[in-house]
Amino acid sequence: MKKIIYAFFTVLLIVSAGCKKDFFDINKNPNNPIEENMTPQLILPSVLAASAEKMATSYDYTAHWMGYWARSGTYGPSNPLENYDLTTSYERDEWVNGNTSVANPTVSWYNILMDNNTMEKKAQETGQTFYLGIAKVIKSIGFMYLVDQYNNVPYSDAFKGTESINPKYDKGQDIYNDLIAGLNEAKALFAAADEAANPGLAEADIVFGYVNDGKKTPSSFAYKKLMWRKLANTQHLKLLLRQSEISGNPTAEIAKIVADGSGFLMAGESANVDPGYSVNANQQNPFYDTYKRDYTGAVIDNFNRANNYILNKFRGNDDIRYQYIFSKAQTPIGGNEYFGFDFGKVDPNPDQPKAANSSDVAGPGLATSPTRAQWFFTSVESMFLQAEAIQRGWIAGTAQTAYENAVQESFSWLGAGSASSVLSGYAAWPATNPLATIITQKYMALCGINNFEAWVDYRRLGYPNDVPLSLSPSRGTRGIPVRLLYPQEEYSYNAANVGAEGTINAQTSKVFWDK
């Protein structure tokens, strides 16, 4: 586990052990950011904002592996991204904090979840059940990402501090089971919650604080209860579908979702974080600030560019969404306004097109504004999840209708108009293998929006089945990795427990749901 966790709880232990209970009461500062002064109201906004930023900006590696993005001609080869030869330092900031600068830190999931765990404990102690429900939803999202990248991870011992300096690893399946149980508890908490018992929620809930009417209309408590239950149901369905290839129809859990009665996130009901982004240093929309321009207006990302694989899929099928997902080249060559690269290809030509001659990954449908609310669970993804579940016979509905509505929501979300042309063309409902069509179009729809899901579905189902391997000359026989390696910190500070996991191979050591 992270040294930062150990240090945090060690300081608390020293402080609490070195003083009598009331000795320094006269000098206590209620504004000090120590655990005893933290309230759910104070913790929630930062947890939500950090979670959304993590989901929107940390998964560029999956975008490259899955044919969405590629390295621009301004840069030379980038390994291990391109040759798949992963190390214990690669993507370590999923687990351990990376850049620790005060201005722009790289925050790990364990750091976010530690804060979330504090909020959960405080909410439990004070009977603030709505905050408690939110904590369980965020916990399910964060630990899902950890399991989906590493399989078995510290979970039950993760935040015990000095009680468990060397946390044991829990099985990925067991973690999923507990996350699902937590979501069921969360929905019941939301349904029964009393507004008066959850002070400050109107300001602290920066996800559903406004009605989805585009007018910044403050939401009612009833609206929050409904929308958080919808989000919890959608996340619940997502966890069940992750396991589609290792379990049968999850009848009992689907029945619980249906019994809740609130349904799923539907058209226009994306879960977005809106803390009040502004055009200032480190205050812009995270996606915009990472892949488009900084607060001075300067281009901030010259590395990530459109991958020819998906760009050609869009263009070859008269699917205009590429014009919203990618940007026109700043300086086109030969009139080619949308220009991409092949992933991992090494071009010896020094005059090859550079970043300015190619399409960035923050097109006008994604990077609409530096002050835009940051999405973290979109209506688009939710509707494709529902289409898959209906096709599998898990929930009621007509699969074709649900699928076509999901494709249309993709167009609407991007501001691309009607999807009728693609629904009568390459995205038409097929006579055979509709599941492949659903997942392939989900892949097309989530480019830049949720790159991680493409890697999940590819491992889970094998679609799209023609994603090209890297052209890196040093790739050898390696394929797209099936997981990340545990970070070096675990081998240094938690050696016995990580060692018990055996020899981990990014090419063969699969996540539990990857059949």
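Biologist: Which residues of H2 are the buried ones?

Modeller: In this predicted model, the buried residues of H2 are Pro 40, Ile 43, Leu 44, Val 47, Leu 48, Ala 49, Ser 51, Ala 52, Lys 54, Met 55, Ala 56 and Thr 57. To get that label, a residue needs under 20% relative accessible area.

Biologist: How do you know that the span of H2 agrees with its 18 residues?

Modeller: Helix H2 covers residues 40–57, and at 1.5 Å a residue it should span 26 Å. Its end C-alpha atoms are 26 Å apart, so the two values agree.

Biologist: What about H13, and why is H13 described as largely enclosed?

Modeller: Count the buried residues: 12 of the 13 in H13 are buried, so the rest of the structure largely encloses this helix. The buried set is Ser 379, Val 380, Glu 381, Ser 382, Met 383, Phe 384, Leu 385, Gln 386, Ala 387, Glu 388, Ala 389 and Ile 390.

Biologist: And what covers the buried residues of H13?

Modeller: The cover includes H8, strand S6 (374–377), and helices H14 (399–414), H16 (434–445) and H17 (451–461).

Biologist: How do you know that the span of H13 agrees too?

Modeller: Same sort of check. The 13 residues of H13 (379–391) should span 18 Å, and the end C-alpha atoms are 18 Å apart, which agrees. Just after H13, Gly 393 takes a positive phi of about 85 degrees.

Biologist: Let's turn to H5 and H8. Why is H5 called roughly parallel to H8?

Modeller: The axes of H5 (residues 129–150) and H8 (residues 221–242) come within 11 Å and cross at roughly 25 degrees. Angles under 35 degrees count as roughly parallel, so that makes H5 roughly parallel to H8. The crossing is left-handed.

Biologist: Which residues in H5 and H8 meet?

Modeller: From H5, those involved include Phe 130, Ile 134, Val 137 and Met 144. Among their partners in H8 are Phe 221, Trp 228, Leu 231 and Leu 239. By class, the contact of H5 with H8 has 10 nonpolar, 2 polar and 5 charged residues.

Biologist: Last stop, a loop. What makes Gly 263 partly exposed?

Modeller: Its relative accessibility is 28%. Buried would be under 20% and exposed over 50%, so Gly 263 counts as partly exposed. Gly 263 sits in the loop between helix H9 (251–260) and strand S4 (271–273).

Biologist: And what does Gly 263 touch, not counting residues up to four places away in sequence?

Modeller: Gly 263 touches Arg 229, Lys 230 and Asn 233.

Conventions. Residues numbered from 1 in each chain as written. Predicted model: local features only at pLDDT ≥ 70, side-chain atom pairs only at ≥ 80, totals over all residues. Heavy atoms only, no water. Helix = DSSP H or I, 4+ residues; strand = E, 2+ residues; numbered from the N terminus. Buried < 20%, exposed > 50% of the residue type's maximum accessible area, 1.4 Å probe, protein only. Contact = heavy atoms within 4.5 Å. Expected span 1.5 Å × (residues − 1). Axes fitted to C-alpha atoms, helices over the stretch in contact; angles between N-to-C directions. Parallel < 35°, antiparallel > 145°, perpendicular 65-115°, else oblique. Left-handed = near helix turned anticlockwise from the far one by under 90°. Nonpolar A, V, L, I, M, F, W, Y, C, P; charged D, E, K, R; others polar.
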